Amino acid sequence: MATKQSEPVTVISLRKLNLETPESQPKESKTFTVEDAVETIGFGRFHIALFLIMGSTGVVEAMEIMLIAVVSPVIRCEWQLENWQVALVTTMVFFGYMVFSILFGLLADRYGRWKILLISFLWGAYFSLLTSFSPSYIWFVFLRTMVGCGVSGHAQGLIIKTEFLPTKYRGYMLPLSQVFWLAGSLLIIGLASVVIPTIGWRWLIRIASIPGIILILAFKFIPESARFNVSTGNTQAALATLQHIAKMNRSVMPEGKLVEPILEKRGRFADLLDAKYLRTTLQIWVIWLGISFAYYGVILASAELLERDLVCGSGARSESQAEVAVTLPDTEESRSPCRCHVFAPSDYRTMIISTAGEIALNPLNILGINFLGRRLSLSITMGCTALFFLLLNICTSSAGLIGFLFMLRALVAANFNTIYIYTAEVYPTMMRALGMGTSGSLCRIGAMVAPFISQVLINASLLGALCLFSSVCVVCAISAFTLPIETKGRALQAIAVRNKFLDPRWNSSCPECRISKLKFKRI
């Protein structure tokens, strides 16, 4: 009997312990991360404003970069430049871009995306205005190099967009940003066709600086990235930002307390070459370099083909184009080693049509990114780019040339869309800006080499130049196809994930696991 009486006591005591256990941890059950908040709040009015303001940074960047293509024929005449001197202008712009991409990336991961974006726009607008007063070729090259340094910081606008967008919208909204680059390209070509023949290229540069100055005033409506704030331990600012977004979108915040890891070490170059990201980083660098080489090669080759009529390897212009030749006074042209020609109205029309091609494949690009994935979509478009470069060697009519250039611009734009999205998604918050910065820096090496192929080698061997562009695109296609990480549908990582206990998506349902593994700060 004694044994039978002891059993109920044991059962009752165990039940009491079981009942008391859940009551001891009620506070740990309600927590959320920035990722949870972004997904819960969803897409709304804030994201539309974000898309318009941060997307407009592409308008400014496109105008500053495309400016060289439309001004090159004019400065060639004014300062009697050789082919290599014209190419050097573009190369030095991208040299400045390359150096400062890494610097701005490091600073953005340490001090904030918003601050670096503002500084880069102030820098770019200042030196762009100074360029219009260049007294000589040397000053022009130096000042445009400074402009390139400033433009390199514009990539922070894309990072801010990426870090605020819900996962399912990134694959749709980020490719649509190409519309702003297209708008900037078309705007500068349209302005050049009107301004250069009337009041000159210096006024074109001054007018092109206006959109950047206006955009600086609009930055006050966009907050600092909430992901960056929590990574620095400034969770109060992050929470205030998320609450503002929820109010603006007429949505609600997740229940509980904001919990995030405090990243003591941010923006370290060694992290990019860590074992987890080494292969990804190296292949991304190759792809960025090749895409930039092809993209700016197409832009500059288009201008060169139109200016020198090299479609079929001929160095002579047609009679209609020869009529626009600029005759320098006192027979200076006869003493100049270069041929002096400016664009005819038909050349501007051709540039506008081919530039419009950048948006032509955008719907297909969006579908490919979201259904085929980033890697496969990029490898397909890179392969097609290689093919169309070779087709440029075909002796064709003016309409055929326009068609090939149209498709090339569409393909190279799709390539840039995809690699921008992939790079912003594959790296965690602690090194996202640095990853974009170093990629952008390596990218400019391709842009620095492109002018000497598109403006120098193309005059000596059209087929050789086109085969070089095509070969690089093939290498990029293979590299894209073999990338080790697919980011389609993948949540943005806060830290370098090494196992499932550090994966924010896995741990969102297990706050105790996260608290036991990392140092957290709670509001």
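Start by selecting helix 9 and helix 20, whose crossing is right-handed. The handedness convention: left-handed if the near helix is turned anticlockwise from the far one by less than a right angle, right-handed if clockwise. Helix 9 covers residues 167-176 and helix 20 covers residues 362-372; they pack at an angle of about 155°, with axes 9 Å apart. Axes here are lines fitted to C-alpha atoms, for helices over the stretch in contact, and angles run from 0 to 180 degrees between N-to-C directions. Helix 9 and helix 20 are therefore roughly antiparallel to each other; the classes are roughly parallel under 35 degrees, roughly antiparallel over 145, roughly perpendicular from 65 to 115, and oblique for the rest.

Show side chains for Gly-171, Tyr-172, Pro-175 and Leu-176 on helix 9, then Asn-362, Asn-365, Ile-366, Ile-369, Asn-370 and Phe-371 on helix 20, and you have the residues that make the contact. Contact means heavy atoms within 4.5 Å. Sorted by class, the residues of this helix 9 and helix 20 contact come out as six nonpolar, four polar and no charged. For those classes, Ala, Val, Leu, Ile, Met, Phe, Trp, Tyr, Cys and Pro count as nonpolar, Asp, Glu, Lys and Arg as charged, and the others, Gly among them, as polar.

A quick word on the model. It is predicted, so to speak of local features pLDDT must be at least 70, and side-chain atom pairs count only at pLDDT 80 or more, while totals for chains, interfaces and linings use all residues. Residues are numbered from 1 along each chain as its sequence is written, and side-chain values use heavy atoms, with hydrogens and water left out.

Zoom out to the whole chain. Of the 523 residues, 58% count as buried; buried means under 20% relative accessible area, exposed over 50%, partly exposed in between, with a 1.4 Å probe and protein chains only. Among contacts with a separation of 6 or more, 83% are between residues 24 or more positions apart.

Next, helix 6 (residues 113-131) and helix 12 (residues 210-218). Their axes come within 9 Å and cross at roughly 155°. That makes helix 6 roughly antiparallel to helix 12, and the crossing is left-handed. Pick Leu-118, Phe-121, Leu-122, Ala-125 and Leu-129 on helix 6, plus Gly-212, Ile-213, Leu-215 and Ile-216 on helix 12, to see the contact. This helix 6 and helix 12 contact has eight nonpolar, one polar and no charged residues.

Now try helix 3 (residues 45-55) and helix 4 (residues 57-78), where the axes come within 4 Å and cross at roughly 15°. Helix 3 and helix 4 are therefore roughly parallel to each other. Ile-53, Met-54 and Gly-55 of helix 3 meet Thr-57, Gly-58 and Val-59 of helix 4, giving three nonpolar, three polar and no charged residues.

Which residues touch the most other members of the largest nonpolar core? Select Ile-188, Trp-201, Leu-204 and Tyr-296, out of 111 residues in that core. A nonpolar core is a set of buried Ala, Val, Leu, Ile, Met, Phe, Trp, Tyr and Cys residues joined through side-chain atoms within 4.5 Å. Helix 22 (residues 398-426) supplies the largest share of this core, 14 residues. A second, separate core of 28 residues includes Phe-46, Met-54, Val-60 and Phe-219.

Stay with Tyr-296 for a moment: leaving aside neighbours within four places in sequence, its contacts include Phe-94, Trp-181 and Arg-444.

Then go to helix 5 (residues 83-111) and click Thr-91. Thr-91 is buried, at 8% relative accessible area. Beyond its neighbours within four places in sequence, Thr-91 is in contact with Met-448, Pro-451 and Phe-452. Thr-90, also in helix 5, counts as buried at 5%. With the neighbours within four places again left aside, Thr-90 is in contact with Ile-68, Leu-300 and Pro-451.

Gln-80 has a positive phi of about 50° although it is not a glycine; look for Gln-80 in the loop between helix 4 and helix 5, partly exposed at 28%. Arg-250, with a positive phi of about 55°, is not a glycine either. Arg-250 lies in the loop between helix 14 (235-248) and strand 2 (257-261) and counts as exposed at 69%.

Terms used:
Helix = DSSP H or I, 4+ residues; strand = E, 2+ residues; numbered from the N terminus.
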